[in-house]
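User: Could you take a close look at one part of this protein for me? I'd like to know how its side chains pair up.

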Amino acid sequence: MKRLSIFIAAMLIALPAAAQTHQAAGVVTKVDEAKNSIEIKHEAIKSLNWPGMTMSFEVRDRKLLSVVKPQQKVTFELVQEKGRYVIVGIK
Ligand SMILES: [Cu+2]
């Protein structure tokens, strides 16, 4: 019983972090089909405490690779998954 409550307590702590979505904006610099990623010159992301920079993000769904092109201004959503941030939405 004690183990179970520790487990539930751990779940409650972990769940909000796993579910958090971060909103970001930037300009696409590259779409890499082979790496399943989009490189973006992103603005500062306050919820992550990140400054602006150019970096690449994997996309959760490959279909997202075809909705953007280099030079395009975008807004996108990130979630932390397996220790890295992946794009779950972009437009
Ligand atoms: Cu960055």
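Predicted model: local features only at pLDDT ≥ 70, side-chain atom pairs only at ≥ 80, totals over all residues.

User: Does Asn36 count as buried or exposed, and at what relative accessibility?

Analyst: Asn36 has a relative accessibility of 16%, so Asn36 counts as buried, the cut-off for buried being under 20%. Asn36 sits in the loop that runs between strand S1 (21–32) and strand S2 (37–42). Leaving aside residues up to four places away in sequence, Asn36 touches Phe57, Glu58, Val59, Arg62 and Leu65.

Arg62 is partly exposed at 43%, and Glu33 is partly exposed at 47%.

Now Glu58, which is in a salt bridge with Arg84, with the closest N and O atoms 2.9 Å apart. Because Glu58 lies in strand S3 and Arg84 in strand S5 (residues 84–90), this pair ties together parts that are 26 residues apart in sequence. Glu58 counts as partly exposed at 32% relative accessibility, as does Arg84 at 30%.

The count comes to three salt bridges, and one of them joins the side chains of Arg60 and Glu81 (2.5 Å, N to O). Arg60 lies in the loop between S3 and S4 and Glu81 in strand S4, so parts 21 residues apart in sequence are tied together. Arg60 counts as exposed at 53%, whereas Glu81 is partly exposed at 23%.

Methods
Residues numbered from 1 in each chain as written. Heavy atoms only, no water. Helix = DSSP H or I, 4+ residues; strand = E, 2+ residues; numbered from the N terminus. Buried < 20%, exposed > 50% of the residue type's maximum accessible area, 1.4 Å probe, protein only. Contact = heavy atoms within 4.5 Å. Salt bridge = Lys/Arg side-chain N within 4 Å of Asp/Glu carboxyl O.
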